[in-house]
Every structure is written in C-alpha cells, then in structure tokens.
Amino acid sequence: MKPEKAQLVIQGLKEAGIDFAAGVPDAQFIEVYKMLAEDPRIRYVGAANEAEAVGIGFGAWFGGKKPALILATSGLLVATYHLARINLLHEVPVLVVIPYRGDIGDPRWLGLYKKTTEPGLNAMDIPYRIVSRSADIVRAITQCNESARAWLKPVAVLLSEEALW
Amino acid sequence: MVTRFTLLEELAGMVPDDVLVLASIGNNSGFWGELTERDANLFHLTMGMCSPAALGLALALPKRKVLALDADGNLLLNLGVLGTIANEAPKNLTIVVMDNGNYLGSHKHQPGMPTATSGKMDLAAVARACGIAHSSTVENVADFRERIRAALSGDGPHFIRARVAALDTDGPKRTRRIPDPRENKYRFANYIQRTEGVEILGSGLGGG
C-alpha cells in the first residue's frame, strides 16, 4: 500500500474518533501499522495474534476507548472465535479494518481469502463495506465506526482494488 | 493441595470494591459471582480472552486497578499475551491464574485432561521470562494472601500463578444467577462510566 493511501486510513480512523488500536502487522498494511505505532493520538498495541488483539480491543472499550482492530485477511481467521463471541454474546462494538487480500484484482494468488473473508464475516453476522477507491476510504471508515457504536457490534471495512493497490 | 474455592474466598475478602475484576469462564466466574456481589465484575471471559481483555482495560484506565482472574487452560490459548503485557507494562494490572493443570476439572467429578502445566511447564517462569518481573507461584493461603496484598498495593504488572487442586471438590452454594454477557456488559460499563467519568455506551444513536 502506498504511504498516501495508508495516510488516508489513519485520517479515517482519527475522523472516526478511534483512539485505540490493536493488531498484528501484515505485509500489505505495514505502512498503516507503522503510522499507528508512531501516532500520539491513537494508542496502538501490537499483539502476538489477532484473537489476542480482539480481547485487548474488547477490554479497552470498557475503559471508554473507541477501539479499532487492524487485521489481515489471514488474521481474521485467527480472530474469528473471539470476534464471533464479542459480536453475538457480549455485543461490544469494535471497528475492524482489513486489507482485502485475495479479492478479485489481487495480483497474487491468495484466493483462499476470497473464500473465507466475506463468508466468514457473514457467518459471524458482522456487517462490512468493501472500499475499492481510495477517495472513499475516510468516509467508509467513519461511517462503519458510527454504525458499530450505534449497533453495539463489530463492523468491518475491507480495502480492495485501487484503495489497496 | 489448596482448592480454587479456598483461594477465591480469600481474594473476595481482600479485593476493594473499586478494583475491576475480569473472570474467565467456568468456575472462576461461577464461584466469584457467588462470593461477591459487586458492579466491578466482568464474567465469562472465554478461552484465551481473559488476560488480553484485562490488558486492554488496564491500558484504557491506567489509574484503576484491574485484576484478571484467569486459568491455565484459558491463558495457554493466547500465551503470547504475556509478552504483550510485559512490553506494555501496565502498572495497574494483576494477572491471577488458577492453575489446576487440568481441562474441565472445574465442572467434573473426575479429572478431565491434563494441560501443559500439569507436565513440565511452569507458568510463573514463562511469565518471568516474558519480562513480567513480579511473577511467582503460590501454593497455600498465606502466600496467596501476601502476593495479592503486594499486587494491590504496589506497581505491576503482577503475575500470580496459584497452584490449585485439579478438581473443585468444594465450592459455594448456588444462590444466584451469574449475569449473562449482555446484562453483565451494561452493568459493568455503567459502573465504569459512573466512577471514571468516561463515555462507553453512548446514546445508541451513533453519538457514543
């Protein structure tokens, strides 16, 4: 991801009021993670795996933070049990931002994630929006976070096509 | 060997009302819910989620004491969190692990299956090697009481591995229903809102 697009992700998180983030670095989003780790307005916690990150974000919400989880498509699979749990049992809102590897247009063969990402989110009853243009990144992030907090459930933003590549 | 219930009874008598306690699923939640009637309890933290959730809460509220009431099988699922805790180093966080070396022992009359800690694994040594300096194992009430007192009065993070019997041969009489996750969420969040002055639940109309 080009730094200017990563900057749009950070801008969207800030405009959404996100002040806490957790995740595990991913190749396509590495610029986003680096910017988060250096940004004084968002407390970033690097977890050892994505399920741990879900637990950390869940706990931070109870402390008054507005958390986001920055998850790779592979990491979404690792996070699934805890994400499903906080969505369906606890009903706690977290914004989930995912670089959508394996979507149509991904230059590498990562079709596994086409088969798991959207079906997985649907199975967990987690609403999502796919963003294909970088011009829509900020608005999608703010709207998805607003819905997450209104509905008290996780909502995901998936970056694909020109928004990601 | 000391039982989980014996130590939880001790803990219930020591923990101030304003300490936020997050309890793992199973008898940690069931016993703690019977022993204490307090707004500052969050129950039902599932496998691998108790200590991470306590870490997130401790980082969000750095001036508030947070205590995770975790268990060996539960912690083992996300053991990497010990490294995260060590590096984030929240001074207000205490992890108590009821280590019975056993899966399902809390619910059965016969041992379930052994966890790694029933073999060669020493969770307190793991925590120490991860970088949590205040890490120890306790095997009796007196040592447990001393370590809890130190954790509640001094800077952490603290890690207390309590070696307990594999089976819960004693326990509280069931007198009340432990709140379900949603009911518990509202009570816990409202309590934190009231005592910390933070907004958690919002208006429900997107403004929160």
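Trainee: Which residue in β3(B) stands opposite L22(B)?
Mentor: This is a predicted model, in which local features need pLDDT of at least 70, side-chain atom pairs count only at pLDDT 80 or more, and totals for chains, interfaces and linings use all residues. Residues are numbered from 1 along each chain as its sequence is written, while chains are lettered from A and ligands numbered from 1 in the order in which they are written. Strands β1(B) and β3(B) run parallel and are joined by 4 bridges (strands pair if DSSP finds at least two bridges between them; strands are DSSP runs of E, at least two residues, helices are runs of H or I, at least four, and both are numbered from the N terminus). In β3(B), the residue opposite L22(B) is A68(B).

Trainee: What is the hand of the crossover from β1(B) to β2(B)?
Mentor: Picture the strands pointing away from you: a crossover is right-handed if the path from the first strand over the helix to the second runs clockwise. Here the chain passes from β1(B) through α2(B) to β2(B), and this β-α-β crossover is right-handed.

Trainee: How many residues of β1(B) are buried?
Mentor: Buried means that 20 or more other C-beta atoms, placed from the backbone, lie within 10 Å of a residue's own; 12 or fewer makes it exposed, and in between it is partly exposed. One side of β1(B) has L20(B), L22(B) and S24(B), the other has V21(B) and A23(B), and all are buried. The count for β1(B) is 5 of its 5 residues.

Trainee: Why is α2(B) described as largely enclosed?
Mentor: The buried residues of α2(B) are N27(B), N28(B), S29(B), G30(B), F31(B), W32(B) and G33(B). What covers them includes α1, β1, β2, β3 and β4 of chain B. Helix α2(B) is largely enclosed by the rest of the structure because its buried residues number 7 of the 9.

Trainee: Which helix gives the largest share of the side of chain B that touches chain A?
Mentor: Contact means C-beta atoms, placed from the backbone, within 7 Å, and 34 residues of chain B are in contact with 28 residues of chain A. On the chain B side, α3, α5 and α8 each supply at least two residues. The largest share, 8 residues, comes from α3(B).

Trainee: Which strands stand at the edges of the sheet in chain A?
Mentor: The open sheet has 6 strands with parallel pairing, in the order β2-β1-β3-β4-β6-β5. Each edge strand has a single partner, so one side of it is left without a neighbour in the sheet; these strands are β2 and β5 of chain A.

Trainee: What is the bridge partner of I98(A) in β6(A)?
Mentor: Strands β4 and β6 of chain A pair in the parallel sense over 5 bridges. The partner of I98(A) in β6(A) is L158(A).

Trainee: At what angle do α3 and α4 of chain A pack?
Mentor: Axes are lines fitted to C-alpha atoms, for helices over the stretch in contact, and angles between N-to-C directions run from 0 to 180 degrees. Among the residues that meet are V54(A) and F58(A) in α3(A), and V78(A) and L83(A) in α4(A). The axes are 7 Å apart, and the angle is about 35°.

Terms used: Contact = placed C-beta atoms within 7 Å.
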